[in-house]
Amino acid sequence: MHYVIIGNGIAGITAANKLRGRDSSAQISIISYEHDHFFSRTALMYAFCGQLSERCIEPYERDHYDSMKFERMRDKVVRLDADAKKLSLESGNEINYDRLLIASGSLPLMFGWPGVEFEGVGNFVTWQDLKWLKEKSESAKRAVIVGGGLIGIEVAEILLKAGIKVTFLIREDFFWPVALDKTEGLMIVEQMRHHGCDVRLSTEMKQILGADGKVVGVEITGGEKIDTDIVVISIGVTPQTAFLKDSGIEYGERGGIVVNDYLETNIKDIFAAGDCTEVVWFNGVRRPEQLWYTGRDQGEIAGLNMAGDKHEYRRSTFYNSAKLFDTEYTTAGLVNFRLEGEHNWYMREGKTDRTVRIVYLPDQTVAGFNMLGRRWDHRVLVKWIEEKRKLDWVLEHLNEANYDEEFMPPFEIPKELSGVK
Amino acid sequence: MQAGLLRSFQNSSQSRGMTAWFISAMLFAFYILMYFTSVFDPLATALGLGSRWNLYGTLYTLAIIVGGIYFLKRHGNSRYHQLRTYSLIFFQSVMAFSIPMVMEIFDTKGFVFSIFWPLKMDYFYPQNIFEYPVLLIVYAFLSALIGVPIMTILFGKRWYCSWMCGCGGLAETAGEPFRHLSNKSRKAWRFEKVSIYSVLVLAIITTVLVLVNWSLGTHAVSGEWSTEHSTLNLVSSKVQGAYQFIVAAMLSGVLGVGLYPLMGSRVWCRFFCPLAAILGIFQKFGRFRITVKDDMCISCGNCSTYCEMGIDVRAYAQANQSFKRAACVGCGICAHVCPRGVLRLENKWDFKTEPAGLTPQSIDF
Ligand SMILES: Cc1cc2nc3c(=O)[nH]c(=O)nc-3n(C[C@H](O)[C@H](O)[C@H](O)COP(=O)(O)OP(=O)(O)OC[C@H]3O[C@@H](n4cnc5c(N)ncnc54)[C@H](O)[C@@H]3O)c2cc1C
Ligand code: SF4
Ligand code: SF4
């Protein structure tokens, strides 16, 4: 049996590991054009600023591929011929498979701004982007970041730390509306400004200005021109599936590969996992899950199913975490879903950036949590949501979900807030 | 981002560059001159410190205080790390430095309440310990044989290794800039398991030999060649001397500190310290563990990188696997630097045992 895996990211490598665990003799090939080793895309920012080395963001030892008997190909798949079970590679080589996993991840979204082709315009998603930004940042004095999401704020943070003046353009009137509400988003904006970041809210980039093919500035809403040496576009990512066109693989609305509960595509013997797929979310909507842990879990299930198992991939209550400059963020359940009749219980600990937001329904049942500043155990929060706990009960027990380092000042709800609003 | 850790890998002195090799060479030279020659005696006398050992103690204490301030600048935004650092500074400057000094002023041999056998072999060597008052003898035996196990079962190794110990104290403070240089490979882990228990066995054999020899009425003086007594006396004295030279001087001092800029700050603690070996065994059966919050790990590697004991914390975190490792000194840095708050140091009894044959890479599958 020859298993071929497109993609050496978390989904691809996890599937390969699982396959090897089930089948010690199968031939397993991994194709990737990006880097020789599996690395943590999520940690690119730390490798950029020297908190970690490039080697540190490779989770496995260098002999992993040999010891697991994986064949590695540093090449790009340009075409899939599903009838002949064959892949064509950029180098001109072809490779046959018995079972295929597509775990090709995502590509940064770009938009056709005038000037987007100038040198100095880029993204921060791939290994190559890391090298590019490192090189650029050595001489650059100013940078403009476009797009107020997670990657944007990470890039803002590392460029500031590298001593570069950063202007951060955010289209909405606060930071990260998908996850935060206005109060929370503005608190983070405040913090970014405190760190010296020039945040422009309700602002879009109109065009990129250049000279001799190089970026010199951008023009923003209202016509103002900002001088810059780098423009980093971080308006989101989209499934990297262009090489599959004409292959007969079914796509969803958002460009991701449609898979069933077993992560099989519409074509027999072809599976898909990770950022490039569209799966059914906890709320019944089909769309990509562009997260590290979902990539790992999908890779795990896909690997086992390729080996002949029948495991279902199902997510229940949503949860995630992030770090926004110095502020840690934990979320669980349905936050920012505008549920019918929902209320939000909100508190901020004094002037700190520690906040708690609890979304609850008219009958007081708690539906979601958005927590900033402290560490929270999402496992407990999720359990409460699934147990349909009422707000009063949750407020009384909230401390049990605290996950701060030992000896941190204990979490307390001020007396005047402890009643339900 | 952890402000203080920025550029750890861009800085020659912190990433095994030329400067690091130079600092390492200086440390080696310093330790060899200090331990095996008397070049520092005149300086010690000039400073009114009496012997070069007092000079060494003074420098050591200063290094912990200055390094402690540096550590707090990096990680002082956490109460755990504040308290831990104050504790280390207290135990070094008061218990390990001042109290023995004061005792000597009163003509008693200095005694350090915060060092136990077998880190301090002297406290079980009859010819040394019986020079102390009875209460101190009782303390030395009870603390090592009963206190250490109980404390470790309740709180893990950390109560000692990263709250009290002088070697650990230096590592956590002056060694802080180098903590990320510990070797994370499986090879190093395998070596650690052999080396640390070998030293423990050596320490036990040495102690037993000396005790037996003493109880038979012959007295071996550390390191001295003596042909007048029985073979046992000869062997015992030779073994005691060898242990003193190899383990106490070379491994804990010269190599242990000399290698800071090249192999991280815990070379001695991780590979050789016999007390750490004992603590590690009790830790495995005790309450302390590092809890991993499911699914939140992004495999960034900050935890593994900054673990001074070379534990591949990320491998456990990525596999949603809470863990107990004999080597872990409970410094808490992995939890502190984790950008997703995945890890938490906890003392609880309800630990689920790990699957058999756990190795840092295979736990993934
Ligand atoms: C800067 C940044 C920060 C992030 N932070 C977080 C975070 O904090 N938390 C979180 O949950 N998620 C985060 N993410 C998202 C997370 O990294 C992704 O969800 C995850 O990496 C997806 O893994 P994957 O295996 O599906 O794909 P990828 O990691 O994208 O891997 C795709 C692989 O496919 C290969 N490939 C693609 N096309 C081809 C082809 N045609 N031929 C050959 N090989 C091909 C590539 O070479 C690559 O090896 C972040 C992403 C970025 C960019
Ligand atoms: S595992 Fe964590 S607490 Fe234990 S020694 Fe390593 S960094 Fe310190
Ligand atoms: S546990 Fe935390 S620090 Fe360690 S790899 Fe995971 S996210 Fe990074």
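**View 1. Chain B comes as two domains.** Domain 1 covers 25-287 and domain 2 covers 288-362, with bounds taken from an automatic or database domain assignment. Their centres, taken over C-alpha atoms, are 27 Å apart.

**View 2. Here the two domains of chain B touch.** On the domain 1 side, 35 residues are in contact with 32 residues of domain 2 (contact means heavy atoms within 4.5 Å). About 2,900 Å² is buried between them, and carbon and sulfur atoms give 55% of that. Buried area is the accessible area (1.4 Å probe) that two parts lose on being put together, summed over both. In domain 1, Arg179(B), Trp189(B) and Arg287(B) lose the most area to domain 2, together 25% of what that side buries.

**View 3. Zoom in on a salt bridge between Arg179(B) and Glu308(B).** Their side chains meet at 3.5 Å, N to O. Two salt bridges are counted between the domains (a side-chain nitrogen of Lys or Arg within 4 Å of a carboxyl oxygen of Asp or Glu).

**View 4. What is the side of domain 1 that touches domain 2 made of, by class?** That side has ten nonpolar, 13 polar and twelve charged residues. Here Ala, Val, Leu, Ile, Met, Phe, Trp, Tyr, Cys and Pro count as nonpolar, Asp, Glu, Lys and Arg as charged, and the others, Gly among them, as polar.

**Reading notes.** Residues are numbered from 1 along each chain as its sequence is written, and chains are lettered from A and ligands numbered from 1 in the order in which they are written. In this predicted model, local features need pLDDT of at least 70, side-chain atom pairs count only at pLDDT 80 or more, and totals for chains, interfaces and linings use all residues, while side-chain values use heavy atoms, leaving out hydrogens and water.
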